[in-house]
Amino acid sequence: MAGSKTAVVLCMDVGLTMSNSAPGEESSFELAKKVIQKFVQRQVFSETKIELALVLFGTDSTDNPLSQDGQYQNIRVHRHLRIPDCELLIEIENQVQPESKEGDWLDALVVCMDLLHTETKGKKYDCLNIALLTDLNTQTNEESLEVIIKNLTQSGITMQFFLPFPVEEDKEGQGDSERRDPGHPGTGKGLSREQKKNMELVKEMMLSLDVEDGLDEIHTFRNAIEELCMFKRVEKRPVAWPCQLTIGSALSIRIVGYKAVTDEKLKKTWITVDAQSHQKDDVKRETVYCLDDDNETEVQKDDIIQGFRYGSDIVPFSKVDQEQMKYKHDGKCFAVLGFTKQSAIRRHQFMGSQILKIFAARDDEHAGVALSALIRALNELQMVAIVRYAYNRISNPQVGAAFPCIKQDSECLMYVQLPFMEDLRHFTFPSLENKKFTPSDAQLSAVDSLIDSMMLVEEDENGEQRDLFKPHHIPNPAFQRHFQCLHHRAVSPGTPLPPIEPWLKAALDRPEVITERCQDPLDVLKRKFPLTEVEKKKKLKTSAQIFGKESEESEAKKVKEDEAEEEYNLADIAEGSVTSVGSVDPARDFRALIKQKILPFGEVCQQLTHRIEQLLSNKNTQYYMKSITCIQAFREQSVKLGNAEHYNSYLQSLKGSIPNRGLEVFWELLVQDGLTLISKDEVEGSTVSKAEANQFLVAEEQKEEAAPAPVEDTGDVDDLLDMM
């Protein structure tokens with residue numbers, strides 16, 4: 001068997017005394033079952049190579065290889081040694097139940113040792129371990145203890161005990177309720193005689209084994225549950241990446257790279273199964289390609305190539321084109337392009353999902369000296385190396401920065417990816433200064449105090465700062481919740497998912513110290529920034545309403561208008577704050593941005609025209625009508641703000657592109673709506689007269705018919721008459 005592995009036998013007491021419990025407390029059986037459930041599910045979801053076996057004692061039946069001549073009774077090997085899976089979780093949930101017999105935990109230990117010896121023979125294992133979960137409240141044959149200890153030592157098997165009470169429980173005078181055995185019958189004033197006797201045997205065994213602090217391997221059920229509550233981190237062995245660090249064409253250093261930090265992802269894609277049969281073979285995926293026509297004509301996959309939309313056209317892009325367009329390079333490289341100051345590399349420019357540590361090749365002394373000189377020179381000059389990095393021949397090259405990292409026992413380069421010019425985005429935001437709402441000094445001071453009280457660091461007794469919230473100690477909550485739901489689905493299919501576990505929710509909550517510290521600054525903030533209720537402005541009444549001469553509209557029509565207005569307002573509330581002209585309702589977004597005044601009018605117009613062009617690229621009546629709605633809003637707001645330049649310029653350019661783009665149908669719809677240019681009569685700054693605005697929508701053919709046709713002077717009267 002390639003590689004080293006670990007073999008663990010879980011040995012659990014399911015006998016009569018394990019089911020006893022004090023009122024309002026969980027029994028020892030329930031706690032022990034939780035321990036093995038937590039342990040097994042950690043191994044299942046972390047996908048380690050640990051092999052597990054499960055042995056139960058105190059069972060009503062007997063099933064083990066040593067059960068002969070009335071020995072090793074009431075012990076059952078429930079599962080033999082193999083890698084744990086979801087089936088084991090289901091078995092623990094449904095099949096491991098309390099039973100009515102008593103079993104000798106030393107006999108059960110012998111069965112576990114025999115199982116390990118038999119099923120690991122001829123295989124290579126890094127560690128052999130037995131975890132025994134019991135309340136020690138049974139009679140035991142202690143004569144075999146010395147032989148067991150001897151065999152454990154010779155075979156290299158380690159032991160762990162999980163008990164309902166701590167090791168110090170057997171001391172006289174221990175009556176604390178937290179130290180009592182929840183499964184102990186009677187008054188609960190301490191351990192029973194059998195438990196005290198067995199506790200001495202456990203101590204003797206753990207101290208006799210060749211292990212330092214053997215008593216530290218005796219745990220309580222509750223502590224074990226707390227330690228096992230989070231799922232195990234997925235362990236990954238770092239893989240060496242050998243390469244050559246080059247500086248120019250003359251200097252080359254043999255290096256090895258390792259991933260120091262990377263984006264952790266789930267290691268296995270969990271199998272999708274049919275909901276009714278629970279079989280993965282019953283889930284089949286079929287992909288069919290069809291034309292966008294009325295009959296949805298099916299097309300074979302071989303007859304399909306990739307295409308990209310360019311305006312109203314679709315440009316084909318075959319696999320041959322893809323291969324030719326791919327960037328080709330010579331393979332893996334780590335080439336230094338130049339050097340720059342560390343201050344020139346900003347933290348917000350770091351990219352990628354990993355950080356590489358670059359070391360010299362282990363067996364190359366000259367490479368170690370050369371790389372060390374480079375690292376120390378960069379550190380002294382406070383500079384970084386700008387590097388061209390390519391993982392292999394088929395990967396795209398990157399540009400990154402290699403920082404010097406010198407520690408007491410090692411030194412290396414830390415590589416971080418940097419952005420190309422196309423990766424940078426320059427955003428412009430409006431100024432936060434508002435003369436209408438200028439905060440006072442008292443208000444600014446209140447906000448500063450709140451920020452100071454929310455700082456997640458504090459000074460300890462030595463004057464050093466320590467973190468109150470340590471995210472590097474908190475497991476990924478997405479993984480924890482994902483595994484929790486998977487486990488629940490496995491053991492309880494068809495039931496609703498459980499709520500998030502309390503320990504995980506508590507780990508993500510704000511520290512209590514911060515909550516207490518923020519209370520006073522928040523009270524001050526409420527006083528400094530009082531909230532006042534704004535009453536809705538009443539609608540102005542018309543003279544007809546005042547004198548009772550209202551129009552003779554039907555009541556039904558008024559109700560409909562009120563409902564429409566209310567519906568529109570609710571839609572605005574649901575939409576939230578508009579930050580750009582979207583593609584769903586660009587006309588409404590355009591009006592909202594104009595009203596908010598957070599962007600210049602020209603920039604908002606540019607966003608709207610960009611959306612109109614996108615809509616017109618789809619030659620469809622539905623998109624044409626949506627474009628006309630946008631142009632109507634464009635004209636309406638331009639007239640309202642007295643700025644006709646953007647609207648007139650766009651409409652003139654749009655008209656000029658109609659023949660080339662095949663948008664004659666759209667233009668006819670625009671003519672029907674009568675959307676002309678904005679004339680001087682409407683906006684004072686316009687350069688278009690009223691006559692030019694009215695003539696704008698007239699088709700070119702009509703203009704030619706209205707104007708007299710030019711006549712060439714050919715001197716031929718008959719030709720002239722024919723033309724007339």
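Me: What makes strand 4 (residues 127-133) and strand 5 count as paired strands?

Reply: Strand 4 and strand 5 run in the parallel sense and are joined over 6 bridges, and since a pair requires that DSSP finds at least two bridges, the name applies. Within this pairing, Asn129 has Thr158 of strand 5 as its bridge partner. This is a predicted model, in which local features need pLDDT of at least 70 and side-chain atom pairs pLDDT 80 or more, while totals for chains, interfaces and linings use all residues. Residues are numbered from 1 along each chain as its sequence is written, and side-chain values use heavy atoms, leaving out hydrogens and water.

Me: Why is strand 5 (residues 157-163) called largely enclosed?

Reply: Of its 7 residues, 5 are buried, so strand 5 is largely enclosed by the rest of the structure. Here buried means under 20% relative accessible area, exposed means over 50%, and partly exposed lies in between (1.4 Å probe, protein chains only). In the protein as a whole, buried residues make up 35% of the 724 residues.

Me: How do you know that Trp241 and Tyr389 form an edge-to-face pair?

Reply: A search of the whole structure finds 16 aromatic pairs, where rings of Phe, Tyr and Trp (its six-membered ring) pair if their centres lie within 6.5 Å, with planes under 30 degrees apart counted as stacked, over 60 as edge-to-face and the rest as tilted. The ring centres of Trp241 and Tyr389 are 5.2 Å apart and their planes stand at 70 degrees, so this pair is edge-to-face. Trp241 belongs to strand 7 (residues 241-247) and Tyr389 to strand 15 (residues 383-390), so the pair ties together parts that are 148 residues apart in sequence. With relative accessibilities of 6% for Trp241 and 4% for Tyr389, each residue counts as buried. Ring pairs also link Trp241 and Tyr389 with Phe334, Tyr391 and Tyr415 into a cluster.

Me: What makes Phe350 partly exposed, and how is Phe403 classed, buried or exposed?

Reply: Phe350 has 26% relative accessibility and therefore counts as partly exposed, whereas Phe403, at 16%, counts as buried. Their rings have centres 5.9 Å apart and planes at 70 degrees, so the pair is edge-to-face. Phe350 sits in the loop between strand 13 (333-341) and strand 14 (351-360), and Phe403 lies in strand 16 (residues 398-406), so that the pair links parts of the chain 53 residues apart.

Me: Which residues of helix 12 are buried, and what covers them?

Reply: Ile514, Cys518, Pro521 and Leu525 are buried in helix 12, and their cover includes helix 9 (441-453).

Methods: Helices (H or I, at least four residues) and strands (E, at least two) are DSSP runs, numbered from the N terminus. Contact means heavy atoms within 4.5 Å.
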